[in-house]
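Please keep the sequence and the structure in view while reading.

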Amino acid sequence: MAKIVLLERKCTGCGQCRSACPFGAIDWKDGKPELNAACKVCGLCVKNCPEKALMRLETRADSVDKSQWKGILVFAEVTAGRLHPVALELIGKALELAKVCGDPVLAVLVGSGVGAWADELRHYGVSRVFVYDDPALGWFRADAFAACVEDCIRAARPGVVLVGATSLGRSLAPRLSTRFHTGLTADCTKLEMRENSDLVQIRPAFGGNIMAQIITTYTRPQFATVRYKVMNPPLRREEASGEVTVRPVPKGVAESPVTCVSVVPVPPARTISDAEILVVGGRGLRKESDLDLIRELAEALGGDWATTRPLVEKGWATNDRQIGLSGRTVRPRLIITCGVSGAIQFTSCMNASEHIVSINTDPDAPIHRVAHIAITGDLYEILPALIRRLRGEEHA
Amino acid sequence: MNIFVCIKQVPSTNQVQVDEKTGVLKRSGVASKMNPYDLYALETALRLKAEQGGTVTVGTMGPPQAQAIIREAYMMGADDGYVFSDRRLGGADVLATSYTLSQAIQSTGDYDLILCGKQTTDGDTAQVGPAIAEHLGIPHAAWVSRLTVTGDGVDACQQLQDVIETVHMPFPCLVTVEQDIFMPRLPSLKTARETAEKPVHILSLDDFPDQDENHYGLSGSPTQVERIFPPENDTVHESWSGPDSAEKLHRRLKAWKFV
């Protein structure tokens with residue numbers, strides 16, 4: 001359902017809407033248009049209004065026929081000619097979800113020269129790969145990319161759309177979910193499928209130590225974003241399967257008013273997400289220079305260092321060092337947190353690490369509950385002693 | 001150039017109560033502040049205004065108490081401010097929130113540029129900005145770390161995976177900014193005195209072009225919170241304390257072959 005509404009503030013009473021209406025649906029009242037019951041919501045008045053005073057409003061359908069929406073579509077991000085590894089992780093998750101409802105797993109590639117990746121995706125159990133390959137898609141514009149994925153969704157009618165929670169994905173996904181008047185859940189840490197095709201989406205919520213279980217019952221598709229390193233990638237199969245469908249680029253791409261000024265490739269930087277060993281400093285550090293302790297321990301272990309949000313807010317470290325919902329997700333083999341209390345925004349982005357050691361003076365700190373080894377103690381005593389031992393200055 | 005900045009009042013701590021039944025955040029009784037990321041958007045707006053002229057309008061959806069952050073924005077130099085406050089707007093998810101803000105923005109004026117912080121510290125979704133742009137049918141750029149006015153629009157620089165991309169968007173458009181864009185100014189005492197009497201406009205759903213309450217709040221939200229629960233911890237763990245912790249940890253790191 002949709003309807004036309006008038007923004008009175010903008011209307012000049014010029015009458016062009018009335019002349020444009022083929023149904024005689026516009027009456028005149030106090031020098032302003034008023035729509036009557038003859039309105040078919042064709043939108044010609046909206047198009048002809050020079051003041052943009054008329055708007056077409058989409059109203060939400062009560063409930064969709066879920067059986068018409070089948071399949072799990074994964075947006076496979078390619079930037080600078082590289083498939084983002086989160087795409088494979090999402091395919092891995094989609095294959096698990098698909099077992100419950102028996103739906104196919106689909107993937108969509110958008111970009112310039114991305115067709116080459118379609119064949120690679122066929123080794124990961126995808127039933128169909130949709131490809132939108134055009135030089136005009138060689139750089140990211142949310143509106144143009146959204147036009148392509150919208151076209152794909154209209155063609156494939158998936159019940160679920162999974163997007164990597166990368167900078168690009170988090171810019172693209174809200175435009176799409178809004179376009180389809182449906183729900184989008186950010187940064188899901190767990191996804192489960194119900195037999196009725198409802199996707200159970202679990203994410204840390206409300207900035208507290210709380211998880212929320214979210215569903216999108218009445219609308220389709222169900223959009224969710226998932227961060228890199230949260231799900232497991234599937235194994236690559238020797239033989240390829242599935243089909244590749246190359247679709248013409250929809251006209252929304254040429255209609256985009258956004259133009260490219262420059263695209264500068266940056267060498268893929270090593271980030272804290274790539275580290276095998278991480279030492280993390282939190283609010284238990286008394287001053288900025290005490291981060292040296294964290295750095296020294298990291299160095300002695302041959303690892304990297306990271307921080308929590310409060311330290312970034314104080315300006316002690318840059319955002320790319322931050323673990324958490326507003327920073328990065330990490331999954332190293334070893335993580336040692338020092339003076340970190342362990343709010344859910346932090347722990348949900350590191351709790352998949354293989355070995356977790358927490359050092360905090362507070363025995364009740366939430367971080368101790370996710371740690372494999374929870375040390376109640378003072379980092380200012382433990383760290384220097386540990387560093388000395390690691391450097392061989394003191395023998396055990 | 002007329003700029004609208006979307007701001008939000010967030011709890012100043014992360015100890016927040018949630019209504020177990022509806023899954024909706026209980027906001028009463030918790031100390032609040034302006035979402036820290038919004039300060040960067042406001043600073044960007046004030047700098048562009050200083051350079052280009054025009055006005056800076058701020059707006060927030062929230063309870064009447066959210067006036068406090070509009071006052072704070074006045075103290076930093078915003079020209080005009082709105083609180084969109086209505087019980088029928090409560091319990092909104094991304095779709096309903098962004099729809100409310102898009103309706104609210106249209107009911108207050110015509111803007112060349114809409115600015116948002118990159119995300120909020122309570123929801124952490126970073127989705128509302130781009131969703132507002134979609135509702136308004138205007139282009140957007142997210143995670144922008146450099147923004148300059150050129151010709152009929154802006155050049156926005158955004159870092160993506162392995163590339164730094166600068167795009168040109170004609171007005172009107174929406175931009176969400178990163179925190180490295182500018183250092184936010186502190187509210188000034190002088191401005192605080194000057195703006196003490198400045199009114200904060202309060203609008204309700206009745207002021208919006210679309211007054212169908214089914215499009216707002218809980219009823220306009222396609223997502224439902226089914227359940228709220230504490231994070232499960234199934235890890236087997238050991239608790240240590242005492243002066244020999246460093247020595248024990250050193251031995252364990254050896255056993256795990258990290259040393």
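Helices (H or I, at least four residues) and strands (E, at least two) are DSSP runs, numbered from the N terminus. This is a predicted model, in which local features need pLDDT of at least 70 and side-chain atom pairs count only at pLDDT 80 or more, while totals for chains, interfaces and linings use all residues. Residues are numbered from 1 along each chain as its sequence is written, and chains are lettered from A and ligands numbered from 1 in the order in which they are written.

**Cis peptide bonds and positive phi**

A:Pro221 sits in the loop between strand 14 and strand 15 of chain A. The peptide bond that joins A:Arg220 to A:Pro221 is cis, with omega near -5°. In chain B, the bond from B:Phe171 to B:Pro172 is cis, with omega near -5°, and B:Pro172 belongs to the loop between strand 9 and strand 10 (173-177) of chain B.

Burial is counted from C-beta atoms placed from the backbone: a residue is buried if 20 or more other C-beta atoms lie within 10 Å of its own, exposed if 12 or fewer, and partly exposed in between. A:Asp187 has a phi near 50°, a positive value in a residue other than glycine. A:Asp187 lies in the loop between strand 11 (184-185) and strand 12 of chain A, and A:Asp187 is buried because 24 other C-beta atoms lie within 10 Å. B:Lys257 also has a positive phi in a residue other than glycine, near 65°. B:Lys257 is in the segment after helix 6 of chain B and counts as exposed, with 7 C-beta neighbours inside 10 Å.

**Chain A**

Chain A contains twelve helices and 22 strands. Its C-alpha atoms fill a box of roughly 95 × 55 × 45 Å along the principal axes. Of the 396 residues in chain A, 51% are buried. Two residues are in contact if their C-beta atoms, placed from the backbone, lie within 7 Å. Among the contacts in chain A with a separation of 6 or more, 65% join residues 24 or more positions apart.

Helix 3 (residues 85-101) of chain A has 17 residues and reaches 25 Å from its first C-alpha to its last, close to the 24 Å expected at 1.5 Å a residue. The expected span of a helix is 1.5 Å times one less than its number of residues. The buried residues of this helix include A:Val86, A:Leu90, A:Ala94 and A:Leu97. Strand 5 (72-76), strand 8 (105-111) and strand 15 (222-226) of chain A are among the elements that cover the buried residues of helix 3 of chain A. Just after helix 3 of chain A, A:Gly102 has a positive phi of about 70°.

In strand 14 (residues 210-215) of chain A lies A:Ile210. A:Ile210 is partly exposed, with 18 other C-beta atoms within 10 Å.

**Helix pairs**

Axes are lines fitted to C-alpha atoms, for helices over the stretch in contact, and angles run from 0 to 180 degrees between N-to-C directions.

| Helix pair | Crossing angle | Axis distance |
|---|---|---|
| Helix 3 and helix 4 (residues 128-136) of chain B | about 55° | 8 Å apart |
| Helix 5 (residues 142-156) and helix 6 (residues 167-179) of chain A | roughly 55° | within 9 Å |

Angles under 35 degrees count as roughly parallel, over 145 as roughly antiparallel, 65 to 115 as roughly perpendicular and the rest as oblique. Helix 3 and helix 4 of chain B are therefore oblique to each other, and helix 5 and helix 6 of chain A are therefore oblique to each other.

For helix 5 and helix 6 of chain A, the residues that meet include A:Phe145 and A:Val149 in helix 5 and A:Leu172 and A:Leu176 in helix 6.

Helix 3 (residues 94-108) of chain B has 15 residues and reaches 21 Å from its first C-alpha to its last, close to the 21 Å expected at 1.5 Å a residue. Helix 3 of chain B is mostly covered, with 13 of its 15 residues buried.

**Contact between the chains**

In total, 74 residues of chain B are in contact with 85 residues of chain A. Elements giving two or more residues to the side of chain B that touches chain A include helix 3, helix 4 and helix 6 (245-255) of chain B. Strand 9 of chain B gives the largest share of that side, eight residues.
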